[in-house]
Amino acid sequence: MGSDELVKNLSDFLFEYKTPRMIALRDKRIGLIFRLIQLIVLVYVVGWVFIHEKGYQYTDSTTSSVSIKVKGFGFTNLSTIGPRVLDTVDYTFPSQGSDSFVIMTNYIITPKQSMKLCTQHYTSGECESDSDCPTGSFSRYGQGIMNGKCLNNSEGVKACEVFGWCPAENDSHLPNPPLLMAAENFTIFIKNSITFTAFGVSRRNIVESITKAYLRNCTYHKVHHPLCPVFRLGYIAEEINENFSALAYRGAIIGIVIHWDCDLDWPVTQCKPTYSFHQLYRSLTKDQVSVGFNFRYAKYYVENGTEMRDLYKVFGIRFDIMVHGKAGKFNIIPTMTTVGSGIGVFGVATIVCDLVLLHLISKRNYYKQKKFKNVEDSLPSGNGN
């Protein structure tokens with residue numbers, strides 16, 4: 001290859017522009033299909049990607065913290081311990097409150113337990129002879145360390161004698177109606193702070209429109225008070241379509257979702273939370289076992305030199321507070337990416353129409369002749385080196 005030809009090829013490469021061959025086809029059906037697909041793509045790109053999904057924005061997720069306070073008083077009058085007024089320290093676990101906490105609604109108390117020998121309750125397992133109670137062992141549902149004796153307990157049922165906290169707990173009779181039905185009117189005050197680190201924006205769920213006077217008197221309602229961060233337990237039960245008495249009887253697990261969806265192209269004061277409620281562990285059948293929510297705790301003290309305790313089996317509503325959200329703000333990079341993707345999707349119209357023309361219509365062979373130009377594989381004679 002000579003230098004003149006090399007210069008010519010380089011000149012062609014630098015200064016020539018080549019474009020694909022275009023064919024104008026006048027066909028009402030194909031034209032209608034082509035424009036209809038283009039319209040669908042245009043609606044999708046503008047309506048869904050740009051307007052609904054805000055494809056022109058850069059987005060960031062939340063960094064969040066939550067704290068709670070519970071308010072309300074309950075009253076019980078049990079024969080074993082007498083009348084008592086219960087405040088938030090008595091029925092809230094943990095007492096300081098966090099994004100997961102329990103409000104007690106019902107309980108069984110076994111008072112004045114001390115460390116000694118006694119027979120187990122029959123719900124922990126029955127026995128027929130001493131051989132069923134091997135010394136030094138314990139059963140999964142037992143109430144102490146067995147000492148090798150099978151005796152009649154206070155109910156007249158034969159059960160193993162154990163060394164442990166006695167008298168043994170009897171949790172077979174759960175009070176109904178629940179002892180703390182007053183919890184229906186207890187309130188939860190939720191404080192939530194979030195930060196969108198990518199934008200340097202921080203917000204609280206106590207927004208600018210909430211004053212001290214308003215906060216003191218409001219309770220959340222999704223229509224009338226959608227921004228009030230004080231929630232009545234009875235209202236939450238209504239929102240999840242449950243009877244509060246049924247929830248309070250054996251306990252339940254409820255999720256409180258705080259959702260932030262913030263468009264930072266508008267003033268930051270428009271960034272406000274929304275709330276929703278969900279029962280996280282629902283009994284699907286009447287006969288389902290291990291329903292509700294419960295746990296045990298004890299209050300220890302010394303009486304006449306002997307260590308003693310009052311054992312509580314607590315049934316309550318556990319609340320899990322979950323914070324979700326994102327913020328978006330205009331950014332040229334996602335905007336150009338979205339525009340480029342939208343332009344690429346427009347090519348679908350050409351692909352579909354070409355498939356119809358090349359394979360489905362009766363004059364497809366004629367169209368193929370017009371669209372494609374066949375070039376011989378070998379060069380004309382005299383043009384080779």
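**Exercise 1.** Start with the aromatic cluster made up of Phe93, Tyr107, Phe293, Phe295, Tyr297 and Tyr312, and work out how Phe93 and Phe295 pair.

A quick note first: this is a predicted model, where local features need pLDDT of at least 70, side-chain atom pairs count only at pLDDT 80 or more, and totals for chains, interfaces and linings use all residues. Residues are numbered from 1 along each chain as its sequence is written, and side-chain values use heavy atoms, leaving out hydrogens and water.

*Solution.*
- Rings of Phe, Tyr and Trp (its six-membered ring) pair if their centres lie within 6.5 Å; planes under 30 degrees apart are stacked, over 60 edge-to-face, the rest tilted.
- The structure holds 17 aromatic pairs. One of them joins Phe93 and Phe295, with 5.2 Å centre to centre and 80 degrees between the planes, so edge-to-face.
- Phe93 sits in strand E5 (residues 92-93) and Phe295 in strand E14 (residues 294-303), so the pair ties together parts 202 residues apart in sequence. Strands are DSSP runs of at least two residues, numbered from the N terminus.
- Phe93 is buried at 18% relative accessible area, while Phe295, at 22%, is partly exposed. The cut-offs: buried is under 20%, exposed over 50%, partly exposed in between (1.4 Å probe, protein chains only).

**Exercise 2.** Classify the pair formed by Phe101 and Phe319.

*Solution.*
- The centres are 5.4 Å apart with 25 degrees between the planes, and the pair is stacked.
- Phe101 belongs to strand E6 (residues 100-119) and Phe319 to strand E15 (residues 306-330), 218 residues apart.
- Both Phe101 and Phe319 are buried.

Note on methods:
Helix = DSSP H or I, 4+ residues; strand = E, 2+ residues; numbered from the N terminus.
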